[in-house]
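Reader: Hi, could you walk me through this model? I'd like to hear about the helix packing and the strands.

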Amino acid sequence: MKKIISNSAAETEKIGAEFAKTLNSGRVVAFYGDLGAGKTAFIRGMAKGFGLDAEVSSPTFALVHEYGGSPLFCHFDMYRVDSWEDLYSSGFFDYIDMGAILAVEWSENIENALPEDTIRIEITKTDDENQRIITITE
């Protein structure tokens, strides 16, 4: 387990960009944290780390955004997923099978479906409104 302190959204993006450089094909990264904690900022940084010029936003209604890259980088929002049927229809397992790198927000909703080697990232707010504690468990 690794803990990192971020003091701004820009810093969280930089941490995400550096983290992305450690990933290879087929990795699933599960994100945990309250609304506004910085999950999407971290994922925006990941896209930059992969060299992608993508408009990264939370895919709340679409469930998944493909940002491109090789391997393909996909961003899931599982906030509204509450059944296996919903999960299958999102293409989640298909993306894993094709070797895409997945960043998954609201992972607690699909905890039982996450692969065994999933990397877990929890982002926690502190008393300082700009500061976050980022805990990475591999």
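This is a predicted model: local features need pLDDT of at least 70, side-chain atom pairs count only at pLDDT 80 or more; totals for chains, interfaces and linings use all residues.

Reader: Great. At what angle do α1 and α2 pack?

Author: Helix α1 (residues 9–20) packs on helix α2 (residues 39–49) at about 45 degrees, and their axes are 6 Å apart. That makes α1 oblique to α2. Oblique covers angles left over once those under 35 degrees (roughly parallel), over 145 (roughly antiparallel) and 65 to 115 (roughly perpendicular) are taken out. Axes are lines fitted to C-alpha atoms over the stretch in contact, with angles from 0 to 180 degrees between N-to-C directions. Helices here are DSSP runs of H or I with at least four residues, and strands are runs of E with at least two.

Reader: Which residues does Ala 17 touch?

Author: Leaving out residues up to four places away in sequence, Ala 17 touches Gly 45, Met 46 and Gly 49, with contact meaning heavy atoms within 4.5 Å. Ala 17 is in α1.

Reader: And why does Ala 17 count as buried?

Author: Because its relative accessibility is 15%; buried means under 20% relative accessible area, exposed over 50%, and partly exposed in between, using a 1.4 Å probe and protein chains only.

Reader: How many residues of α2 are buried?

Author: Of its 11 residues, 9 are buried, so α2 is mostly covered. Among the buried ones are Phe 42, Ile 43 and Met 46. Their cover includes α1, β2, β4 (73–77), β5 (101–105), β6 and β7.

Reader: What happens just after α2?

Author: Gly 51 takes a positive phi there, about 80 degrees.

Reader: Switching to strands: how do β2 and β6 run?

Author: Parallel: strand β2 (residues 28–32) is joined to strand β6 (residues 119–125) by 4 bridges. Strands pair if DSSP finds at least two bridges between them. Ala 30 stands opposite Arg 120 in β6.

Reader: What about β6 and β7, parallel or antiparallel?

Author: Antiparallel, with 6 bridges between β6 and strand β7 (residues 132–137). Ile 121 is opposite Ile 136 in β7, and the two strands form a hairpin with 6 residues between them.

Methods. Residues are numbered from 1 along each chain as its sequence is written. Side-chain values use heavy atoms; hydrogens and water are left out.
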